[in-house]
Amino acid sequence: MKQSARDEILSKLKAAPRKPIPSRPGRPVLREISLTPGELIESFSKNLSQEGGIVHRVKDRREALEKLSQIAKAEGLKKVMVSTDDVIASLNLSAWGKENDLRVITSQDFDSRDSFKDAVFEEVDAGITGADFAVAESGTLGLIHDKDQARLTSLAPILHVAIVPVERMVGVYEQVIEKIFRGKKNLPSQFCFITGPSMTGDIRGVPFKGMHGPRKIIVILVGE
Amino acid sequence: MEVKTEQFSEIAREELRKAYTFLKAGANFVRMRREAALSTFPDAAAAQAYGAIIRAEAISRLPELLEEFEKNALSNGAKVFWARDATEASQYIVGLAKERGIKYVTKGKSMVTEEIGLNEVLEKNGVKTWETDLGEFIIQLLGVTPFHIVGPAINIPVEKVRDLFMEKIDLKEPTLDPVQLGHAARIFLRDKFHRVEMGIVGVNVAVAETGTILNVENEGNIRFSKSSPRTQISVMSLEKVVPTLEDALHLVRLLCRNCTAQKLSAYVSMDNGPKKSDEIDGPEELIVVIVDNGRSRIYQDEIARGAMRCIRCGACLSGCPVYRQIGGYAYGWVYSGPMGQVLNPLLLGLERTQDLYRATTLCGSCKSICPAGIDHPGLFLHYRAKDVSGDAILQTRKPPMMERIFFRLWTWAVTRHRMWNWGVRFVRPFVNKQPHEGMLREVGGLFKGWFRSRDLPSMAKKTFHDRWIEMQKENSEGRNQNERE
């Protein structure tokens, strides 16, 4: 029988002369691993601003909603797609929408991928999500995608607003990996790091935001 | 993709005339930005060195890591297909598209799909392909090869982009503003993302311990191609695998700093299989295509396999004094600059890529920059040696009989001082007959090839050896005279 491509490739690789595996030095030191919570927030904000993101700090959920209203007004939002993750769920955004005269929809209002896509691509002015992590070392958000965190909500609308409790701040990526992957049987289908708005510099090296994804990203950090 | 590696000299000569001033002028800026980005590591040298160790280990343990990756990817619910070569890989993908009645696909930037010529095969079979990375989109519409791995269309004048967009994507208002041009591409491709049923993307890193595949990007086109359609195809060349997630993320840190001088690019997305049944978006099926395409052959050569460490950051391009003069087209295929000089000869064979591993000053700038620890100059010398001795693995024949006889005679003659001295006296009149500004420029016949890229200075009337003997004579005559007086 003809050998499968898989077996053929692997057996060729295995038959090749072996070289000893180089010994590893300790992992390179990472500055952010030893920062205090206050320093982490400072570092996160600085890094995200450098990439063109906007960071607001608020004391509690009530202030978060106020900030959200200000943003909705300033950006002229009429219809928003919001995720249903635990952060967003705790804010009761449908009530907030009524007060602020905007339509708030979630992926769970749709029974098919296609109708959800129509809305998230064409109808909404912003996507509002929680985040599972904020990583100080690069001003990065970490989003676990699942039924409450649809992928396109943070990607297709031109504006992404993320609401993040400060307890979710960590120093480095390794701390995120530890929490999502270590000892877990059922991994999320996708995990995503987001650092600033979508961007490109592909025409003559001129950088600009909002290539395919959001042009603007606003992070509301909740808590002291 | 058409292979033009054998036209290196001709294309390079043409490109030199274009004088890519932005490459020369921008080089310092790019270097400073990259260094500033690396300096955000507490110890940049240690971080770079650790990247090299990860890649060295990955290549040493390649078959085992691939098996581990496959096992975990399968248990995450992904499908895995192994392809021996370009044809197997692209035929398989075409088959998937046809089975599913796919009209068009959106593509994320992926060098390996360019390597296997996937777009041409898909289009030939009636599946429209849309490159969605802005630079790739532009060069696809233009029908040219990438100028630079990170900025494939960075050299295209903005006027040309305007005309292209007016003709091909219905740009209404002519503009020279890159932002507005980019926006036109956004609007055009957004509709494609919206209705796409199959996304094809590459893989930056594959993780053995979890079966995760990871993409790094700034634009969001890869995330769209992995979120909107029902089918996701991730094509990876087989050397992309690393042992652990920590390794993968360390490489991503290095990749972003070396590539675009960022701490992290806008999006790093990691897939662990298709979407769960209760998720509204994301692929229902995730198919990983592992492409060999010559790599298991290259792997047989213990030195050459070092080139497989490459993580495609592109830092070596802007660091290279040759690339800065000629730009990316002369390298004649998918990979350009020092990266292309080490990879193209291996993937295409040394025979067809002669000029690539010779068009170098061996200055080692690429080696000093490389976060994967590739010894480019060492590889160039290795390829040259193999090219002379002939090598089945690296696909080069021995040089022609005449050349071998000539060099055997040459070796015999130049290692014997009498022969050398006699030879010099013999050839001097021929060499000095037609000196052009003191140089012998062109010679026909047997030595034509040698003079194609070299000049020979005209020879001194007397060699050092002749003068030494004369001086000795004069001295001893002088001494004799002195003694007599």
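In this predicted model, strand 7 (residues 231-237) and strand 10 (residues 285-291) of chain B pair in the parallel sense over seven bridges, where two strands count as paired if DSSP finds at least two bridges between them, and where strands (E, at least two residues) and helices (H or I, at least four) are DSSP runs numbered from the N terminus. Within this pair, Val235(B) stands opposite Val289(B) of strand 10. Both strands belong to an open sheet of six strands in chain B, which has the order 1-10-7-4-2-3 and parallel pairing. Strand 1 (79-83) and strand 3 (128-131) of chain B stand at the edges with a single partner strand each, so one side of each is left without a neighbour in the sheet.

Helix 5 (residues 86-99) of chain B packs on the sheet, touching strands 1, 2, 4, 7 and 10 of chain B, with contact meaning that C-beta atoms, placed from the backbone, lie within 7 Å.

Between the chains, 64 residues of chain A are in contact with 71 residues of chain B. Helix 1 of chain A gives the most to the side of chain A that touches chain B, with eight residues. Strand 9 of chain A also pairs with strand 9 (residues 267-271) of chain B, in the antiparallel sense and over five bridges, and the bridge partner of Gln190(A) in the latter strand is Asp271(B).

Residues are numbered from 1 along each chain as its sequence is written, and chains are lettered from A and ligands numbered from 1 in the order in which they are written. Because the model is predicted, local features need pLDDT of at least 70 and side-chain atom pairs count only at pLDDT 80 or more, while totals for chains, interfaces and linings use all residues.

Technical notes. Two residues are in contact if their C-beta atoms, placed from the backbone, lie within 7 Å. Axes are lines fitted to C-alpha atoms, for helices over the stretch in contact, and angles run from 0 to 180 degrees between N-to-C directions.
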